Amino acid sequence: MRRLLRATVLIAAVISVPVIPLLLLGLSFEERVGGWFQQELSPATRFAMIVVALATDLLLPIPSSVVSTYGGGVLGILPATLASWLGMTLGAAIGFGLARAFGEPLARRFSKPEDLQRMVSLTRRFGPIALVLTRALPILAEGCVLLMGAGRLSWRQFLPPVVLSNLAISLTYAIFGRFFSSIDALPAAIVASA
């Protein structure tokens with residue numbers, strides 16, 4: 001029972017990293033981010049804003065599906081896919097790197113050595129598939145990245161599934177945004193993607 005409690009505390013701590021900013025900043029922050037994107041801006045500025053917004057998704061409650069769909073509507077499919085892919089991949093890599101650097105000591109504090117070794121073993125065995133399966137899921141995507149970093153998944157095992165999954169997700173949302181923009185329904189598409 002104690003082992004289960006420790007594992008639950010560790011997982012809750014990892015999942016709380018992307019949830020705490022949402023709780024502190026509230027849903028109004030998402031609305032303010034949406035307002036920033038509604039201003040008249042150059043395509044280069046919009047591109048940069050999409051990259052930066054998605055790169056900070058781990059620390060701020062950024063609705064990546066909304067930002068990526070918006071990008072498809074205002075930038076076009078290829079630039080929006082590139083901006084979304086860059087931002088999502090940078091954010092995941094930063095979170096993973098931080099979790100690899102600082103997550104293991106935290107995990108050691110809440111786990112017994114054999115539990116930690118089991119987590120590392122499961123991370124190496126199922127980590128890449130878990131990353132692929134959670135990439136499109138809010139909060140779980142960020143939590144999985146942090147868990148894989150704390151579990152010491154190698155960069156070689158981390159990057160391919162994240163890079164390819166982010167590319168597929170970015171392309172899908174960009175196409176979605178572009179299609180609905182062409183029929184003057186981008187606001188409805190943005191709401192639907194959220």
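Which residues does A174 touch, not counting residues up to four places away in sequence? A174 touches S68, G72, I77, A80 and T81, where contact means heavy atoms within 4.5 Å. This is a predicted model, in which local features need pLDDT of at least 70, side-chain atom pairs count only at pLDDT 80 or more, and totals for chains, interfaces and linings use all residues. Residues are numbered from 1 along each chain as its sequence is written, and side-chain values use heavy atoms, with hydrogens and water left out.

**A174 and helix α8**

A174 is found in helix α8; helices (H or I, at least four residues) are DSSP runs, numbered from the N terminus. With a relative accessible area of 0%, A174 is buried. Here buried means under 20% relative accessible area, exposed over 50%, and partly exposed in between (1.4 Å probe, protein chains only). Between A174 and L78 there are 7.8 Å in space, C-alpha to C-alpha, although the two are 96 residues apart in sequence.

**Helix α4 and its two partners**

Helix α4 (residues 64–75) meets helix α8 (residues 155–182) with axes that come within 6 Å. Axes are lines fitted to C-alpha atoms, for helices over the stretch in contact, and angles run from 0 to 180 degrees between N-to-C directions. The two axes cross at roughly 50 degrees, and α4 and α8 are therefore oblique to each other. Angles under 35 degrees count as roughly parallel, over 145 as roughly antiparallel, 65 to 115 as roughly perpendicular and the rest as oblique. On the α4 side the contact is made by S65, S68, T69, G72 and G73, and on the α8 side by Y173, A174, F176, G177, R178 and S181.

The axes of α3 and α4 come within 10 Å and cross at roughly 165 degrees. That makes α3 roughly antiparallel to α4. From α3, the contact is made by P43, R46, F47, I50 and L54; from α4, by S64, V67, S68, Y70, G71, V74 and L75.

Helix α4 is mostly covered, since 10 of its 12 residues are buried. These are S65, V66, V67, S68, T69, Y70, G71, G72, G73 and L75. The end C-alpha atoms of α4 are 16 Å apart, which agrees with the 16 Å that its 12 residues should span at 1.5 Å a residue. The expected span of a helix is 1.5 Å times one less than its number of residues. Following α4 is G76, whose phi is positive, near 100 degrees. In α3 (residues 43–55) the 13 residues should span 18 Å, and the end C-alpha atoms are 18 Å apart, which agrees. The buried residues of α3 include I50 and L54.

S84 is found in helix α5 (residues 77–110) and, at 0% relative accessibility, counts as buried. Not counting residues up to four places away in sequence, S84 touches I50, L54, S68 and S170.

R152 lies in the loop between α7 (140–150) and α8. At 26% relative accessibility, R152 counts as partly exposed. R152 has a positive phi of about 65 degrees although it is not a glycine. Most residues other than glycine have a negative phi.

Key:
Helices (H or I, at least four residues) and strands (E, at least two) are DSSP runs, numbered from the N terminus.
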